[in-house]
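Subject: Structure handover

Hello,

Here is the structure I promised to pass on. Please open it first, then read the notes below.

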Amino acid sequence: MARACIIVLDAVGAGELPDAADFGDAGSSTLAHVAEAVGGLRLPNLRALGLGNMMPLAGCPPVMAPPSVVGRLRERSLGKDTTTGHWELAGVITPVAMPTYPDGFPPEIIDAFVSATGRGVIGNVAASGTEIIQELGDEHVATGKWIVYTSADSVFQIAAHERVVPLEELYAACKIARGILSGPHAVGRVIARPFDGASGSYARTPNRHDFSLEPARPNHLTKIREAGSKVHAVGKIADIFAGCDIDTSAPTRSNAEGILETIRLLEEIDEGLIFTNLVETDSMFGHRNDPEGFHGCLQEFDRELPRIRAAMRDDDLLILCSDHGCDPTTESTDHSREHALLVAYSPSRTPAGEIRHDGVFSDVGATARAWLTGEVPGPDEAGSPIPFLCAPPS
């Protein structure tokens, strides 16, 4: 039975989109700038699949005959955030940008949240999550008030110390906020941001949880399941899709866990889609402007890539892609409006020479759907399958 695996290398952008300047991201190019900052990429296994054939990358020259289809994907949705990017990979276009709050949330939102949760709020600003817990952590510990903040993305984030506010209460507060943030204030995600530690050394814990809007349906995941296949989510995928069209979910605390879970599924399941998000390039290094750490995170994945390939069957499909950029070499610590990378590989469909596919984000979901079900999306659906991979064998 057919199997496909999509691995999203979160925030590994592949160069500015034509409208990047409209988002304040002119000149952003996450992967290329990381390569320059570290003196050249050292990713031998990704290079062997053709990563350097996608675009010029220091330290990662193209190979003569890559075994994969490579290219860059354009985002049609108006956004540069996790929810918008992942939804479009699955065929959901967001034509109107989700609301953002660079000056904080309006009183009617904060007042309703305070009234419903019984705790006050401090912060209510756009801020770095790692910085705001250092700035307001002591006040939070002393008062028990929620630390509420946002970013350039459409998010309502709630930080709380795990020894001050039990996780269950934090998650319940996020559900309350999710209900309040509707209509014109329907942000893409409400995010629980628990932290621990003492004054001056507060640190986030791995117990983050996202509460997303539900995506429009049917989409490519819906169609995969309607055809009788299952969707297995790894990492924060189930959160991003609000549990919709997900059969099994394996939340993870690190990229290492996500890679191991992906390999386990490849070794154990007989059919369906494995949909994995590896978040640390974004959360730990992109947002913290750490190109060395970003490269080290990619190297961790690169070292495990042979194990992923070894767990594949000849008729499996592997798609490596991204959801937006987060260029750690710019002054901004926010996401950047960039192309997504594309490396698509199957042992049974090795190109005789270099084949590019420069399409749109939704081509990822359309290709996985065609591979698993034989269905080609209709003219009113988003995305088209990659021809070389999904056309009948000659």
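First, a definition. Cavities and pockets are found on a 1 Å grid over the protein atoms alone. A cavity is a set of points where a 1.4 Å probe fits but cannot get out. A pocket is an open set with protein on both sides within 12 Å along at least five of seven lines. Lining residues have an atom within 4 Å of a point.

The model is predicted: local features need pLDDT of at least 70, side-chain atom pairs count only at pLDDT 80 or more, and totals for chains, interfaces and linings use all residues. Residues are numbered from 1 along each chain as its sequence is written, and side-chain values use heavy atoms, with hydrogens and water left out.

**Cavities**

There are four cavities of 30 Å³ or more. A volume here is the space filled by probe spheres set on the grid points, which are joined across faces, edges and corners.

The largest cavity has a volume of about 50 Å³. Its lining is Leu9, Val12, Leu31, Leu43, Leu46, Leu51, Leu298, Leu320, Leu341 and Val343. By class, that is ten nonpolar, no polar and no charged residues. For the classes, Ala, Val, Leu, Ile, Met, Phe, Trp, Tyr, Cys and Pro count as nonpolar, Asp, Glu, Lys and Arg as charged, and the others, Gly among them, as polar.

The second largest cavity also holds about 50 Å³. Among the residues lining it are Arg3, Cys5, Leu266, Ile274 and Asp316. Strand 1, strand 12 (272–278) and strand 13 (316–321) each give at least two residues to this lining. Helices (H or I, at least four residues) and strands (E, at least two) are DSSP runs, numbered from the N terminus. The classes here are seven nonpolar, one polar and two charged.

Strand 7 (189–196), strand 9 (209–212), helix 9 (237–240) and helix 11 (280–286) each give two or more residues. Helix 11 gives the most, with three. The lining has seven nonpolar, ten polar and nine charged residues.

The second largest pocket has about 330 Å³. Its lining has 26 residues, and Ser151, Gln157, Arg193, Arg204 and His287 lie nearest its centre. Two or more residues come from each of helix 6 (129–143), strand 5 (146–150), strand 6 (155–161), strand 7 and helix 11. Here the classes are five nonpolar, eleven polar and ten charged.

**A helix pair**

Two packed helices are described by the angle between their axes and the distance between the axes. The axes of helix 10 (residues 255–268) and helix 12 (residues 291–311) come within 10 Å and cross at roughly 10 degrees. That makes the two helices roughly parallel. Axes are lines fitted to C-alpha atoms, for helices over the stretch in contact, and angles run from 0 to 180 degrees between N-to-C directions. Angles under 35 degrees count as roughly parallel, over 145 as roughly antiparallel, 65 to 115 as roughly perpendicular and the rest as oblique.

Contact means heavy atoms within 4.5 Å. Helix 10 brings residues including Ile259, Ile263 and Leu266, and helix 12 brings residues including Phe301, Arg307 and Ile308. The contact residues divide into nine nonpolar, one polar and four charged.

**Backbone and loops**

Most residues other than glycine have a negative phi, and most peptide bonds are trans.

- The peptide bond from Arg217 to Pro218 is cis, with omega near 5 degrees. Pro218 sits in the loop between strand 9 and helix 8 (220–226).
- Ala11 has a positive phi, near 70 degrees. It lies in the loop between strand 1 (3–9) and strand 2 (13–16). Ala11 is buried, at 0% relative accessibility. Buried means under 20% relative accessible area, exposed over 50%, partly exposed in between (1.4 Å probe, protein chains only).
- Ala242 has a positive phi too, near 50 degrees. Its loop runs between helix 9 and strand 11 (248–250). At 32% relative accessibility, Ala242 is partly exposed.

Over to you.
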